[in-house]
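Okay, thanks for coming, everyone.

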Amino acid sequence: MQEVHQTTVMKPPITRVGVIRWARANLFSSVFNSFLTVVTIYFLWKIVPGLIRWAFIDSSWATTGAQCRAGGGACWSIVTKNVRFIIFGFFPYEWQWRPLLAMIILFSLLIVSRNRRYWKKWLGYLWLIGLFVMGLLLKGGLFGLPSVESTKWSGLPLTLLLSVFGLTAAYPLGVLLALGRQSRMPAIKSLSVVYIETIRGVPLISLLFMSSVMFPLFLPEGITINNILRAQVAIILFTAAYIAEVVRGGLQAISRGQYEAAESLGLNYYQKMRLIILPQALKIVIPPSVGILISAFKDTSLVVIIGLFDLLKTTQATLSDPRWMGFSVEAYIFIALIYFTGCFSMSSYSRRLERELYRGT
Amino acid sequence: MANELPDKNNEKLESDPIVEIIDMHKWFDDFHVLKNINLTVHKGERIIICGPSGSGKSTLIRCINRLEEHQRGRIIVDGIELTNDLKNIEKIREEVGMVFQHFNLFPHLTILENLTLGPIWVRKTAKAEAEETAMFFLEKVHIADQARKYPGQLSGGQQQRVAIARSLCMRPKVMLFDEPTSALDPEMIKEVLDVMIDLAKEGMTMLVVSHEMGFAKSAAHRVLFMDEGEILEENTPEEFFDNPQHERTKLFLSQILH
């Protein structure tokens with residue numbers, strides 16, 4: 001008898017199910033799960049309609065504070081009527097297009113830089129030009145733009161300035177510190193350890209205070225250093241210490257074999273680190289580094305305590321206006337959305353980067 | 001196929017030594033791993049080093065390109081003495097290729113990039129030329145069709161052949177093999193040994209830490225047996241396997257030959 005060859009390709013069983021089966025499997029699979037589902041639905045039923053009513057139906061969008069109070073719903077007017085102060089703060093009113101344009105340039109550069117295929121030399125030049133133009137727009141004093149004191153820089157541009165520069169400068173510094181901590185040279189190693197442990201041992205607030213209150217005491221009379229710059233340096237120094245420890249973790253995850261293979265090819269220390277070790281180590285530590293960058297981004301709001309008017313402070317200033325008192329929830333929701341957009345973009349970009357760098361291992 | 005190999009017993013070796021190890025000792029902390037090692041390797045010579053695990057055989061070849069530092073005695077490679085001078089170490093590493101047990105390819109680079117890295121950055125070769133050389137050697141290890149893939153997508157045997165090609169791209173004068181087939185699945189050992197035999201036919205100077213008897217018999221000029229940090233016995237493969245002198249050699253051979 002001839003053997004029957006079963007050569008038909010077997011497909012996996014179809015697991016598509018209907019709504020009811022899905023609900024049974026996911027929402028009511030056990031008594032406890034059913035209980036949780038019912039409780040959740042009850043709370044949603046209680047909360048969501050009221051929230052929608054408050055936020056959208058009863059809300060006022062372009063009224064005065066007094067009209068808002070009469071309306072009863074959410075008073076988005078506090079945002080719409082004060083948006084220019086919340087965003088731009090004390091930047092001279094008629095020149096506020098300048099920080100706006102600077103931010104548009106910044107966002108365009110960030111969006112272009114998302115794509116790794118564009119990480120070429122020209123993008124570097126583009127950033128240099130962009131930075132120069134942004135600086136010029138903020139500071140003025142050239143090409144007929146009136147000069148604006150940096151003490152007037154406030155609101156969202158200030159927050160972005162502190163965070164974008166803080167993060168981009170802190171990352172390479174952190175990498176250097178991590179390499180220093182692994183160094184075989186005792187002086188470099190102990191310097192890095194002392195730096196990292198000291199900075200991690202104090203809160204950011206105390207660093208900010210030091211830079212704004214104590215540091216000037218040590219400077220000779222007549223010499224002042226810009227307040228923003230000092231806060232900026234404090235943020236960079238602080239974040240770098242955290243980045244350093246995360247990167248060190250990544251370096252330790254690379255096997256000895258990778259170091260040995262690089263060395264046996266004759267690569268010197270810098271080539272070995274730049275071409276072999278760091279690309280792998282930094283890829284491993286993308287998730288924790290982005291965690292640090294996100295918290296550093298939010299921590300820039302701590303500069304309020306040294307008198308800088310970042311986004312949070314301009315919002316608080318708006319709220320202290322008697323005409324708009326009592327609508328803090330709406331105002332804070334607005335800036336929370338701004339912060340969320342920033343943090344969420346970073347985290348979604350980090351996931352995309354991880355996906356793109358996946359190499360089958 | 002084995003008779004394609006030049007008869008290694010009648011093969012005339014050039015007399016200049018390429019590696020000279022003189023009265024060399026090494027310690028790991030207090031542990032004396034290598035004792036009084038004396039070894040001269042001539043150009044074109046192929047030496048198999050075997051011995052029980054922990055006998056110091058890997059450490060010995062790792063000393064030759066300074067992955068391990070020796071504490072006493074001298075090691076001279078291609079006329080350059082290994083000292084703490086970084087420049088000398090890098091120069092020697094350019095001339096000495098190494099193949100590892102666990103391949104150690106760079107997982108973030110494509111196969112082609114793995115091969116061109118050394119020539120481009122160390123030898124300062126132009127990229128196009130380096131790629132041409134890389135393809136030549138990939139062809140040689142029968143794996144040119146995988147050039148654009150990443151190491152993680154290849155089998156162990158393929159990865160080890162890439163690792164050999166990566167060393168060859170540096171045009172080394174000596175090749176060190178540290179148990180090149182020990183981490184491989186049995187069916188992949190042959191493809192790697194075949195590549196090594198091809199290399200032998202071309203007269204490459206090779207120091208191989210391995211227990212592959214077949215390879216030793218067909219390609220090696222000398223077999224060294226190491227135990228407890230010493231070279232106990234040294235002979236031609238035929239004599240070594242058929243007529244071992246030392247008790248420990250006999251014991252070792254009886255254990256690996258079943």
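Let's start with B:Lys87, which counts as exposed at 59% relative accessibility. For the cut-offs, buried means under 20% relative accessible area, exposed means over 50%, and partly exposed is in between, with a 1.4 Å probe and protein chains only. Before I go on, the ground rules: this is a predicted model, where local features need pLDDT of at least 70 and side-chain atom pairs count only at pLDDT 80 or more, while totals for chains, interfaces and linings use all residues. Residues are numbered from 1 along each chain as its sequence is written, chains are lettered from A and ligands numbered from 1 in the order in which they are written, and side-chain values use heavy atoms, with hydrogens and water left out.

Back to B:Lys87, whose side chain meets that of B:Glu90 in a salt bridge, 3.8 Å from N to O. By salt bridge I mean a side-chain nitrogen of Lys or Arg within 4 Å of a carboxyl oxygen of Asp or Glu. These two sit 3 residues apart in helix H2 of chain B (residues 86-95), so about one helical turn separates B:Glu90 from B:Lys87. Helices here are DSSP runs of H or I with at least four residues, strands are runs of E with at least two, and both are numbered from the N terminus. B:Glu90, at 14% relative accessibility, counts as buried.

Now, how many salt bridges does a search of the whole structure find? Over all chains, the search gives 29. One of them joins B:Glu179 to B:Lys57, with the closest N and O atoms 3.9 Å apart. That pair links distant parts of the chain, 122 residues apart: B:Glu179 is in the loop between strand E7 (174-178) and helix H6 (186-201) of chain B, and B:Lys57 is in helix H1 (residues 57-64). Both B:Glu179 and B:Lys57 are buried.

Over in chain A, A:Lys272 bridges to A:Glu263, and there the closest N and O atoms are 2.8 Å apart. A:Lys272 counts as buried at 8% relative accessibility, and A:Glu263 does too, at 11%. There's also a salt-bridge network in chain A, linking A:Arg181, A:Glu197, A:Arg200, A:Glu245 and A:Arg248.

Okay, helix packing. In chain A, H4 (residues 77-88) and H15 (residues 328-356) pack at about 55°, with their axes 11 Å apart. Those axes are lines fitted to C-alpha atoms, for helices over the stretch in contact, and angles run from 0 to 180 degrees between N-to-C directions. So H4(A) is oblique to H15(A); under 35 degrees would count as roughly parallel, over 145 as roughly antiparallel, 65 to 115 as roughly perpendicular, and the rest is oblique.

In chain B, the axes of H3 (residues 111-121) and H4 (residues 127-140) come within 9 Å and cross at roughly 125°. H3(B) and H4(B) are therefore oblique to each other as well.

Last stop, the surface of chain A. A:Tyr42, A:Phe43, A:Leu44, A:Ile47, A:Val48, A:Leu51, A:Ile52, A:Phe56, A:Ile57 and A:Trp61 form a nonpolar patch, with about 1,000 Å² of accessible area together. Patch residues have over 30% relative accessible area and no salt bridge; like charges are joined within 9 Å, and nonpolar side chains (Val, Leu, Ile, Met, Phe, Trp, Tyr) within 5 Å. The areas come from the Shrake-Rupley method with a 1.4 Å probe, and for residues only the protein chains shown count as cover. A:Phe43 lies in helix H2 (residues 31-57) of chain A and is partly exposed, at 47% relative accessible area.
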